[in-house]
Number of protein chains: 2
Amino acid sequence: MAGYADRLAEAIKTKQSRLCVGLDPSLKGLPLAVADRYRQGQEPDATVEAFRAFCMDVVDAVEDLVPAVKPQVAFFEQYGPKGFEAFAEVCGYARSKGLLVIADIKRSDIGSTCEAYASGWLGEAPLLNGSQHEWVEVDAITVNPYFGRDGLEPFFELAEELDRGVYVLAKTSNPSWIEIQGLSLPSMTNVARHVLELIAGWGKGLMGERGYSSIGAVVPATHPEEATEMRAVAPATPFLIPGVGAQGAAMADVAAYFDSQGQGALVNVSRGVLRVFEPDDVEWQEKVREAARKYRDELNTVLDVAGKLGEGSGA
Amino acid sequence: MAGYADRLAEAIKTKQSRLCVGLDPSLKGLPLAVADRYRQGQEPDATVEAFRAFCMDVVDAVEDLVPAVKPQVAFFEQYGPKGFEAFAEVCGYARSKGLLVIADIKRSDIGSTCEAYASGWLGEAPLLNGSQHEWVEVDAITVNPYFGRDGLEPFFELAEELDRGVYVLAKTSNPSWIEIQGLSLPSMTNVARHVLELIAGWGKGLMGERGYSSIGAVVPATHPEEATEMRAVAPATPFLIPGVGAQGAAMADVAAYFDSQGQGALVNVSRGVLRVFEPDDVEWQEKVREAARKYRDELNTVLDVAGKLGEGSGA
């Protein structure tokens, strides 16, 4: 299997799409067509099953339109063991459809604790009988950088060994990013920019064959004025970009994150694709599909206008 | 039920102990007496059951010696749904013994995602049928501050509503803390110190009746020269202090984190209590108990010498 960076580049080229759909199931975002199928069931299984079914239906609706999906573990984790079961099923289903799965988990810790997270999310956990157990299979995860490198090293090591990817938070799309990530440093930069430089450095150990590392960075669509500089700071770092849609940024804001071949980034949209129908709309899957198509095409148009979808870019 | 801060202060006084035992089960740390009971079972259940049994046996060994235990979710999470089931059982068992349970989860995210984490770990998750589901019950959690306040607000809100506690990472005990937390700011402070100031500010909304907030901070035993200053920066913030034992710090290093009544902090020891026996030692529980007693007494002696266990301190 090729490294994550190369698989991602190939998927972007094949699908002619840089859109990632976030799988964020919630009660108020469930179509009645799904909710009613489970409403009479035993709880909490019924709710979890409805979330699972909804996510799988979304995967069916968008599978040919996107290279990747990003299931958010928190929405499953809140139901405990049953939620985790459903999360693993959603991840497996998306992978069976040929999609890259980026598990949005934002974990991090140090030492043997971090090794356990890495085993659980990227590899296999050790068993008493000497064998290993894998409860979920994903292509990449998101992680939090606050500990510094030794809070991430076990993720990087398993990513290298098992051809997985790791997206490290650099700058987030929420208003409070300014409180810590936005602190000014004497070097005329800020914490987020400094973290991005660290990520770019860490990524040098996991370079693929197409110019990108399997260690990526989460950067926001909500600060377009910085995109060119962030791309320059981390030229080989694949970006995962939230913030378009419900969080207020437009597709036009993200062009500078992409390279001249339309590679180097995925734009994630969650609510902008999932929350596009009334609960009683029986054609909700078509609405989701249309929304994904619209975002995919809009992004490609933005990149084309910017001269980033030339010959050989695959789009 | 009293707020977390007051329940903690009461437990410290009643138990005359400021020690928290970390529940970090691992294959190489399992006594054979436990492992052999499960070795023939179906996997992964067998391993997870052994972890659960080990943690419960540790709880039995230390329950009268400590006010709190800190189960680490990563060691359970690596086994997926079965691991989560066992984690919830361990938490419930420790609480049934009157111990405060600090779930070491280090979560954080923004918006509805953070709300889902908060529901799952501090409250109840919403169900299709209009009721709620609680899969685990804990007294406090650890969280990561990188997003800033809006990546923590849902935790604070539920902590206030449901009398739970939240420990926010300020400065961690690993060598790489310096990479991000150690960045110097123009104000002659660094990121970790600034984060601690933020935490102290956030905590003002959740003050208990005994001078401490239910929003605490994780600060390390490994930098004793800073303890006095960190206590001054955050006078009403309860500290959770890792780093003693396997990570190299000594009990003598933590006195400055405590107030004049021996309150305001818990010192966590994991490996120093759990890894004190050979695998084939049938008296392993006694060894664990002795180690916990030694750390408890050593800490009390350090505080007594520092004049922090005077009349009315309860020790």
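The entries below begin with the ground rules and then turn to salt bridges and the interface.

**Ground rules.** I noted that this is a predicted model, in which local features need pLDDT of at least 70, side-chain atom pairs count only at pLDDT 80 or more, and totals for chains, interfaces and linings use all residues. Residues are numbered from 1 along each chain as its sequence is written, chains are lettered from A and ligands numbered from 1 in the order in which they are written, and side-chain values use heavy atoms, with hydrogens and water left out.

**Entry 1: salt bridges.** I took a salt bridge to be a side-chain nitrogen of Lys or Arg within 4 Å of a carboxyl oxygen of Asp or Glu. Over all chains, I found a count of 51 salt bridges.

I looked up Lys70(A) and found it in a salt bridge with Asp104(A), with the closest N and O atoms 2.7 Å apart. Lys70(A) lies in strand E2 (residues 68-71) of chain A and Asp104(A) in strand E3 (residues 100-107) of chain A, so the pair ties together parts that are 34 residues apart in sequence. Strands here are DSSP runs marked E of at least two residues, and helices are runs marked H or I of at least four, both numbered from the N terminus.

Are these two residues buried or exposed? Lys70(A) is buried at 8% relative accessibility, and Asp104(A) is buried at 3%. Buried means under 20% relative accessible area, exposed over 50%, and partly exposed in between (1.4 Å probe, protein chains only).

I then checked Arg39(B), which forms a salt bridge with Asp36(B) at 2.9 Å, N to O. Arg39(B) is partly exposed at 29%, and Asp36(B) is partly exposed at 47%.

I also recorded a network of salt bridges that links Arg7(A), Arg95(A), Glu137(A) and Asp139(A).

**Entry 2: the interface.** How many residues does each chain bring to the contact? Chain A and chain B each bring 71 residues, where contact means heavy atoms within 4.5 Å.

The two chains bury about 5,900 Å² between them, 64% of it on carbon and sulfur atoms. Buried area is the accessible area (1.4 Å probe) that two parts lose on being put together, summed over both. In chain B, Gln78(B), Leu128(B) and Tyr146(B) lose the most area to chain A, together 15% of what that side buries.

I counted four salt bridges between chain B and chain A. Lys106(B) and Asp109(A) meet in a salt bridge at 2.6 Å, N to O. Helix H6 (residues 111-122) of chain B gives the most to the side of chain B that touches chain A, with seven residues.
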